[in-house]
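Hi,

Here is the structure I promised to pass on.

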Amino acid sequence: MLVLVAPGQGAQTPGFLTPWLELPGAADRIAAWSEAIGLDLVHYGTKADADEIRDTAVAQPLLVAAGLLSASALGDVAPGVVAGHSVGEFTAAAFAGVLDDTAALKLVRARGLAMAEAAAVTATGMSALLGGDPEVTVPHLEKLGLTAANVNGAGQIVAAGTLEQLAALDADKPEGVRRVVALKVAGAFHTHHMAPAVAKLEEAAAELSPVDPAVTYVSNKDGRTVATGAEVLSRLVGQVANPVRWDLCMETFQELGATALIEVCPGGTLTGIAKRALPGVATVALKTPDDLDAARTLIAQHAAV
């Protein structure tokens, strides 16, 4: 059983979209999406520097566009399960047919703008903690005023809060944590700092007509499968200010019988976690078109007919 997943913010790097635009029809699709959402995805995916694509309002639609483009390059894929990490949930919603590609990109553009506005109120950020025991780490973060915004499994938790709180974390790591790494994001996502963005996203979502998922969709909120398009959309909106439970998503992948996992562009983060947390599950990360053949082989071996 094949799981198709999409990464979240922080996975982007300068120029990562460049090789994908060389595929037949890719440049035209990206140009059409750029016009639809009022953002030059070609520029940001090929020429923009790290600071430009760190901007939340840019990074989020850029990541979703890259995920959709790379998945389409695989041809007809029949995954058993789809899921995405944070903004990757919008990519997954399009995979599942809940929203069409353009609707997903328009909604994520609204999300990025709303979250960037919320992030501008207070200087905040996120840092990944590598190693440690969640039962020790989470209370320690709470003591510092931080939120465990992403519980990713395989010994990784992402803390979010003010820059002062994150500086205190650097000086006072929880017992067992090997390293604290600042992430390339511009806000404390999935925390109370993002609450103002939820109302704006609700307004944008109210204009959409979601369709029930055509394949099994697993939600970041609690790792559970979601059967209706209306519930998927509701969770996409609320998840902006709630922690990501990727650990629970992976538990569900196991329960559903996952044997392989493909992470769409810019892949690497989620496959890295899966290699540690899902032993025996074959993985491929789509970083460049050179990875397509390996992914197609995995599809032939593990996807449903």
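This is a predicted model: local features need pLDDT of at least 70, side-chain atom pairs count only at pLDDT 80 or more; totals for chains, interfaces and linings use all residues.

On the helix 6 side, the contact is made by L107, A110, R111, A114, M115, E117 and A118. Helix 9 answers with P196, A197, K200, L201, A204 and A205. Sorted by type, the residues of this contact are 10 nonpolar, three charged and no polar.

Now follow helix 9 (residues 195-205) to its other partner in these notes, helix 10 (residues 229-238). Which way do these two run relative to each other, parallel or antiparallel? Their axes cross at roughly 150 degrees and come within 8 Å, and they are therefore roughly antiparallel. This crossing, too, is right-handed. Here V198, L201, E202 and A205 of helix 9 meet L233, L236 and V237 of helix 10. That contact divides into six nonpolar residues, one charged and no polar. If you want to see how the two contacts connect, click on L201 and A205: both residues of helix 9 take part in the contact with helix 6 and in the one with helix 10.

Next, the largest pocket. The space in it comes to about 410 Å³. It is lined by 23 residues, and the closest to its centre are Q9, G10, A11, L183 and T269. Which elements give two or more residues to the lining? They are strand 3 (124-131), strand 4 (147-153), strand 5 (156-162), strand 6 (177-182) and helix 12 (269-277). Strand 3 gives the largest share, three residues. By type, the lining has 12 nonpolar residues, 10 polar and one charged.

C265 and P266 are joined by a cis peptide bond, with omega at about -5 degrees. P266 sits in the loop that runs between strand 9 (260-263) and helix 12. The other spot is S86, a residue other than glycine with a positive phi, near 55 degrees. You will find S86 in the loop between strand 2 (81-84) and helix 5 (88-95).

Over to you!

Note on methods
Residues are numbered from 1 along each chain as its sequence is written. Side-chain values use heavy atoms; hydrogens and water are left out. On a 1 Å grid over the protein atoms alone, a cavity is a set of points where a 1.4 Å probe fits but cannot get out, and a pocket is an open set with protein on both sides within 12 Å along at least five of seven lines; lining residues have an atom within 4 Å of a point. Grid points are joined across faces, edges and corners, and a volume is the space filled by probe spheres set on the points. Helices (H or I, at least four residues) and strands (E, at least two) are DSSP runs, numbered from the N terminus. Ala, Val, Leu, Ile, Met, Phe, Trp, Tyr, Cys and Pro count as nonpolar, Asp, Glu, Lys and Arg as charged, and the others, Gly among them, as polar. Axes are lines fitted to C-alpha atoms, for helices over the stretch in contact, and angles run from 0 to 180 degrees between N-to-C directions. Angles under 35 degrees count as roughly parallel, over 145 as roughly antiparallel, 65 to 115 as roughly perpendicular and the rest as oblique. A crossing is left-handed if the near helix is turned anticlockwise from the far one by less than a right angle, and right-handed if clockwise. Contact means heavy atoms within 4.5 Å.
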